[in-house]
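Please consider the structure shown below, together with its sequence.

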Amino acid sequence: GGRGANQVSDDYRYQDGNYEGYAPNDGYYRGGDEPAHEEDAQSDVTEGHDEDDEVYEGEYQGIPHPDDIKEKQKKRAPAMADEYRDRADLMAERMEDEEQLAHQYENIIEECGHGRFQWTLFFVLGLALMADGVEVFVVGFVLPSAEKDMCLSSSNKGMLGLIVYLGMMVGAVMLGGLADKLGRKQCLIISLAINAAFAFLSSFVQGYGFFLFCRLISGLGIGGTLPIVFAYFSEFLSREKRGEHLSWLCMFWMIGGIFASAMAWSIIPHYGWGFSMGTKYHFHSWRVFVLVCSLPCIASLVALKFMPESPRFLLEIGKHDEAWMILKQVHDTNMRAKGEPERVFTVSYIKTPKQVDEFIEIQSSTGTWYQRWMVRISTTFKQVWDNVLYCLTAQYRMNTLMLAVVWFTMALSYYGLIVWFPDMIRYLQEEAYESRVKVFDEEEVSHFTFNFTLENQIHRNGEYRNDKFIGMKFKEVRFEHSLFEDCYFEDVTSSETFFENCTIISTVFYNTDLYEHKFINCRLINSTFMKEKEGCHLDFEEDNDFLIYLVSFLGSLSVLPGNIISALLMDKIGRIKMIGGSMLISAVCCFFLFFGNSESAMIGWQCLFCGASIAAWNALDVITVELYPTDKRATAFGILNGLCKFGAILGNSIFASFVGITKVVPILLASSALVGGGLLSLRLPETREQVLM
């Protein structure tokens, strides 16, 4: 069981570089020499007897001494015993060792205290979590500009919006599993490096296919951060601090959303913040925004280089000395910050679990380098797969299935509504815009030069003769059953502009983007199209609506009260009540969306929903960390977070399809999912009083 810090001081001592511990057969790590009184006793017994004078008669015949044979047999005995023991016995012994380690480690972390080291790690890992929050918002902000820059169709836009979640889903499972085998720090560095490299590269590529690929791999990298960050940080926290400080850490996801919204607001509308190289390569301001959004990831990657590996992970794989040195570093750093540098780290040895699955090491002389790496990779992935299956064994199956349902229902409703809110606001804007349309019937215009913008107009049965349309823009303009004769169009750009059932006679189109698909059932007689505009053209006044950035900014900021409340109450009311209560309150908020018939009402209900649901997200992160043992923790978190991203993909697809059709289905679906998940979460075991296994 857990012993107090005073007992730890009595039992574990470190003096003058030597370890003092129990007898050799107690299963604990030992170091140092035998006590001096035993040496004195031995010298008394052997006084007057010089072993060097005694010559074994078989010495010169190469025959081993019987005492040497017995000694070697004693050393081999434990290894031979393990070889022939049943695996179930070895696993039972390992489980017993892990339970002892869990309580001892809790006492050690309490002795190390909570101070400067944890706060430094808090900000380093917070930057990684911030990068995850930024990644979710990036594509949504750049889509209006990227669709013009890359000539994206509706299906291409939809794929670009979902591809990041697909990458995150794969990355969470894959990198989360690897973190339990290769280490928290190493896998987090790999995850951040992949994200930073491909996010940086995506800002420069011009083609849609390559951009899509870069965002996929970037999402794969950042997908691994969430499982690793929470597993990593939790292993430096004591039981009393864990729920609160993991909840504070969740605030960085909110900061990531605020950062992305603010940067989009301040960078994307500035068309001049870019450059062009010839006619083929364009680096517009939205690409500058993508570049800036990779900064939190790069900053975390650099800072992580100076942080140590998780000592709890090192103990799991039998690296006692490395773990001890890191724990001493944590202790000394915190004590110096508290003004108590004289405090000595009293722990001399720590229980290490029995190693059952040893990694297969191939000697450098065996096979080729390719064969050696293939065996290492296949062995590692087999171990990861075994961990995945372990989460579904009888001991964890029910908890894993219940958590999976809660994660999925939460993601389906949350991410679905997060996409639905901006889409509904756009729809309301479009309805209001269409209600202000100007209609012109049977107008006749001749010998007139149009050099100004025509916007939100419908022209029916008009006649235009000898008119010039020069250096102008058409925005949301339709010409129906109209006649154009001897007209001249030059340097014209258009957006959502169409000619329907029109007759166009002897008209010249020079350097315009009035392409063939914009003429619907029209008769073109002796008309000429010369030097058509190539590619797509940005129109920031139309496509970049400041209100959308404001909505995302307010939605991210609205979770601040929920974050603070969840952090302060997480260890007081428990994880289960936090999840259930938050999800049920969020479900109630969904019903009020029926009354959201204006932009301001939709923004208000979005803020209320985000603020209410964040507590459930925080509690889910904490309980997922605490329910699984150290060697399965990141794997289980990765599986559940991957399922969460799958729920996000479904939510985005389903909810977006009902925009402009009905509000009933999205609202009822989100509410039902939240109520079902919230009630099921009450069946989960409470973990606030348990140590990390």
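Helices (H or I, at least four residues) are DSSP runs, as are strands (E, at least two), and both are numbered from the N terminus. Helix 19 is followed by Gly574, which has a positive phi, near 95°. This is a predicted model, in which local features need pLDDT of at least 70, side-chain atom pairs count only at pLDDT 80 or more, and totals for chains, interfaces and linings use all residues. Residues are numbered from 1 along each chain as its sequence is written, and side-chain values use heavy atoms, with hydrogens and water left out.

The pLDDT is the predictor's confidence in each residue, from 0 to 100. For the protein chain its mean is 78, and 80% of the residues reach 70 or more. Over residues 72–84 the pLDDT is below 50, and this stretch has 2 contacts (heavy atoms within 4.5 Å) beyond near neighbours in sequence. Residues 538–544 also have a pLDDT below 50, with 21 contacts beyond near neighbours in sequence. Where pLDDT is low, the predicted coordinates should not be read in detail.

Helix 19 comprises 15 residues, 559–573. At Ala567 this helix bends by about 30°, the bend being the angle between axes fitted to the seven residues ending there and the seven starting there.

Ser203 lies in the loop between helix 7 (184–202) and helix 8 (208–223). Ser203 is buried, with a relative accessible area of 0%.

Technical notes
Buried means under 20% relative accessible area, exposed over 50%, partly exposed in between (1.4 Å probe, protein chains only). The expected span of a helix is 1.5 Å times one less than its number of residues.
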